[in-house]
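Please open the structure in your viewer and keep the selection tool ready.

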Amino acid sequence: MAVKIDPSWHKALAAEFESSYFEELSAFVKSEYVSGECFPAPKNIFRAFDLTPFEKTKVVILGQDPYHTPGAAMGLSFSVPDGSKAQPSLQNIFKELKSDLGIERTKTDLTDWAEQGVLLLNSVLTVRNGQPASHRNKGWEAFTDAAIKALSTGREHLVFILWGNFAIGKLPLIDASKHVVIKSPHPSPFSAHSGFFGSKPFSKTNAALEKWHEVPVRWA
């Protein structure tokens, strides 16, 4: 598995890349991409890490799996290419953004967020076409958990945005004494009305960054 990733992440996750589980994971992913259609495109599997270097990460938004429909997954959690229909969770994220900050965003490609230091990280980085959760429990979770722990340990004053029970389950990996954790129900249509709407994650994130004298995120 070719790994296109910012050098700072290569350094931070060196032990993971050299581990036996990552070797097994690589073999599995290669075989899956050879035997059938998988997402995202191979060049985009590590795109979140390539666009958002370790030392420039300010915010982490944690997702679960890539989108499993053609043309949607692009290596960034919740993001879809411009011109594609926003997935329901992303539509609700934009509704909350408008409610929170008055920003009416239509651009579905969140690359600009990633380039400002928002690590849009899925826990699992690949998926089979039409088969959600098909690449879970193959090693990706160990790799992305290590990334979260590396940020928590090696950096200070980050904002971790945890939407839904799965993401909130990563709380033990995060040192909340030196980072801000923002948690709420998931933006999915099944749970958004249970506390995601009105949670104001975008203004809370920028308030924390400004308190630490960091440049706030331009969510627009």
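Helices (at least four residues) and strands (at least two) are DSSP runs, numbered from the N terminus. The model on the screen is predicted.

**Stop 1**

Select Phe39 and Pro40. The peptide bond from Phe39 to Pro40 is cis, and its omega is near -5°. Pro40 itself belongs to the loop between strand S1 (38–39) and H4. Most peptide bonds are trans, and most residues other than glycine have a negative phi.

**Stop 2: a positive phi**

Now select Ala133. Although Ala133 is not a glycine, its phi is positive, at about 70°. Where does Ala133 lie? Its place is in the loop between S4 and helix H7 (140–154).

**Stop 3**

Next, select Arg128 and Glu32. Side chains of opposite charge can pair when their charged atoms come close. Arg128 and Glu32 form a salt bridge in which the closest N and O atoms are 2.6 Å apart. This pair links distant parts of the chain, 96 residues apart: Arg128 is in strand S4 (residues 127–128), and Glu32 is in helix H3 (residues 20–35). How many salt bridges does a search of the whole structure find? The search finds six.

**Stop 4: two helices in contact**

Select helix H5 (residues 88–101) together with helix H9 (residues 201–211). Two packed helices are described by the angle between their axes and the distance between the axes. The axes of H5 and H9 come within 7 Å and cross at roughly 60°. H5 and H9 are therefore oblique to each other. To see the contact, display the side chains of Ile93, Glu96, Leu97, Asp100 and Leu101 in H5, which meet Pro201, Phe202 and Ser203 in H9. The residues of this contact comprise five nonpolar, one polar and two charged.

**Stop 5: the cavity**

Select Val60, Leu62, Ile148, Phe160, Leu162, Lys170 and Ile174, which line the largest cavity. Strand S2 (59–63) and strand S5 (159–163) are the elements that give two or more residues to this lining. By class, the lining of the largest cavity has six nonpolar residues, no polar residues and one charged residue. The space in the largest cavity is about 30 Å³. In the whole structure, a search finds one cavity of 30 Å³ or more.

**Stop 6: the largest pocket**

Finally, turn to the largest pocket, which holds about 620 Å³ of space. Select Gln64, Asp65, Pro66, Tyr67 and His186; of the 37 residues that line the pocket, these are the closest to its centre. Helix H4 (47–51), S2, H5, strand S3 (118–122) and helix H8 (164–168) each supply at least two residues of the lining. Which element gives the most to the lining of the largest pocket? H8 does, with four residues. The lining of the largest pocket divides into 22 nonpolar, 12 polar and three charged residues.

Methods:
Residues are numbered from 1 along each chain as its sequence is written. This is a predicted model: local features need pLDDT of at least 70, side-chain atom pairs count only at pLDDT 80 or more; totals for chains, interfaces and linings use all residues. Side-chain values use heavy atoms; hydrogens and water are left out. Axes are lines fitted to C-alpha atoms, for helices over the stretch in contact, and angles run from 0 to 180 degrees between N-to-C directions. Angles under 35 degrees count as roughly parallel, over 145 as roughly antiparallel, 65 to 115 as roughly perpendicular and the rest as oblique. Contact means heavy atoms within 4.5 Å. Ala, Val, Leu, Ile, Met, Phe, Trp, Tyr, Cys and Pro count as nonpolar, Asp, Glu, Lys and Arg as charged, and the others, Gly among them, as polar. On a 1 Å grid over the protein atoms alone, a cavity is a set of points where a 1.4 Å probe fits but cannot get out, and a pocket is an open set with protein on both sides within 12 Å along at least five of seven lines; lining residues have an atom within 4 Å of a point. Grid points are joined across faces, edges and corners, and a volume is the space filled by probe spheres set on the points. A salt bridge is a side-chain nitrogen of Lys or Arg within 4 Å of a carboxyl oxygen of Asp or Glu.
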